[in-house]
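Colleague: Before we go through this model together, I would like each label to be set against its cut-off. Could you show me the structure and then take my questions in turn?

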Amino acid sequence: MQERLRIARAFIELKKEMDLSLAADIRFDAAKGTLAFLDMNIERVAQERSEAIHTNDCLAFADICDDAEAFVEFRLADQESSDWYLFVGRDLLAPGHWRSGWLVRLRQSKLAQNRMLQQARLVELGGMASALSHELKQPLFTISLSAENGRLLLDQASPDGAARARDKFDRISEQVNRARDIITRISRYARIENDSPEPLDLGDVVSTTLSFMRPLLIQHDVGVKMTLPDGPPVLLLAPRVGLEQVLVNAIQNAVDSIATRREAEDASLTGAVELEVTVSESGVRISIVDNGAGLSLSHPDRAFDAFMTTKKTDRGTGLGLYISRQIVMEIGGKISIRSREAPERGAILAIDFPDFVAI
């Protein structure tokens with residue numbers, strides 16, 4: 001009896017420390033966005049509980065309502081902290097209704113999420129170092145050449161030479177500003193100061209991302225076509241840093257896939273990426289289509305697993321799509337990837353945001 005009491009006390013302390021709830025008769029109400037269940041204590045005494053699910057995570061629950069072994073990460077509504085919870089439901093009785101299961105707090109702080117995001121961005125910058133170096137060399141070379149020509153023109157000490165020298169110095173100022181803009185883009189991308197959701201012009205975010213990726217696209221000779229819907233700007237409530245990270249990773253993957261196809265099949269392949277934003281009654285979709293090698297995985301969803309990569313070691317860490325999925329889920333959307341249908345080659349990455357995220 002003493003041993004049973006000792007184990008019971010240890011379990012109670014562990015349950016409290018983990019914020020663990022053992023649940024029975026679990027019911028998810030999609031209309032209300034709530035999860036109701038009987039919270040069981042060690043004496044098997046049940047207490048009725050109901051938790052409001054964060055609006056952005058209700059879609060994740062809707063996806064597992066028919067799963068006999070349900071598994072989903074979510075946040076609670078009206079909660080200032082960024083804590084995530086894990087729900088596991090077992091023995092499906094009806095859609096969204098399980099006989100038993102449990103909930104536990106994952107305790108992943110916002111600081112840890114930001115640190116992981118920043119590390120991913122620095123990895124992307126490291127991969128682009130060669131292309132960025134090439135883009136900076138062009139204005140620096142022009143500055144050097146213009147300065148040398150300007151000095152020679154001033155040495156001539158003629159009115160015409162002075163005017164031409166002034167043009168050279170104007171050219172220097174122009175190229176200095178160009179180099180400054182390049183460095184500003186790099187610094188802005190590498191820095192994470194505030195990644196809270198804010199109203200974003202999706203067209204502006206896409207344009208900024210393509211501007212940042214321009215050196216890489218030029219280096220690999222990949223053309224990009226951007227298509228935005230007609231009418232007013234598409235506004236989205238999302239964190240700018242996170243959304244940019246998702247788009248950068250998608251374009252990086254497309255470029256790598258095109259390079260892989262060139263190495264394996266056709267070195268003269270014209271690389272092409274199509275980025276399209278569409279709006280419908282259900283929400284907003286961002287599609288990134290490439291003409292690369294396509295997917296080699298039998299189950300495309302595995303591409304979003306941590307450390308899953310089919311790239312060479314110098315091209316990927318296997319975290320890009322995993323982090324992208326985490327970001328999109330936190331906003332409240334879904335992300336998927338599949339190969340294009342024959343005879344087309346390449347992949348299609350689709351990012352869907354529900355209508356409540358659009359403004």
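Predicted model: local features only at pLDDT ≥ 70, side-chain atom pairs only at ≥ 80, totals over all residues.

Colleague: What makes Arg285 partly exposed?

Modeller: Arg285 has a relative accessibility of 35%, and the classes are buried under 20% relative accessible area, exposed over 50% and partly exposed in between, with a 1.4 Å probe and protein chains only; Arg285 therefore counts as partly exposed. Residues are numbered from 1 along each chain as its sequence is written, and side-chain values use heavy atoms, with hydrogens and water left out.

Colleague: How do you know that Asp352 and Arg285 meet in a salt bridge?

Modeller: The rule asks for a side-chain nitrogen of Lys or Arg within 4 Å of a carboxyl oxygen of Asp or Glu, and the N to O distance for Asp352 and Arg285 is 2.6 Å, so the pair qualifies. Asp352 is in strand β13 and Arg285 in strand β11, 67 residues apart, so that the pair links distant parts of the chain; strands here are DSSP runs of E with at least two residues, helices are runs of H or I with at least four, and both are numbered from the N terminus.

Colleague: Which class does Arg75 fall into, buried or exposed, and what is its salt-bridge partner?

Modeller: Arg75 has 9% relative accessibility and therefore counts as buried, while its partner is Glu330, with the closest N and O atoms 3.9 Å apart. Arg75 sits in the loop between β4 (69–74) and β5 (85–94), whereas Glu330 belongs to helix α8, 255 residues away. Glu330 counts as partly exposed because its relative accessibility is 21%.

Colleague: Why is Ile359 called exposed?

Modeller: Ile359 has a relative accessible area of 60%, and for that reason it is exposed; this residue lies in the segment after β13.

Colleague: Where is confidence lowest, and where is it highest?

Modeller: Confidence is lowest in helix α3 (residues 110–127), at a mean of 57, and highest in strand β11 (residues 283–290), at 94, while the mean pLDDT of the protein is 79.

Note on methods: pLDDT = per-residue confidence, 0-100.
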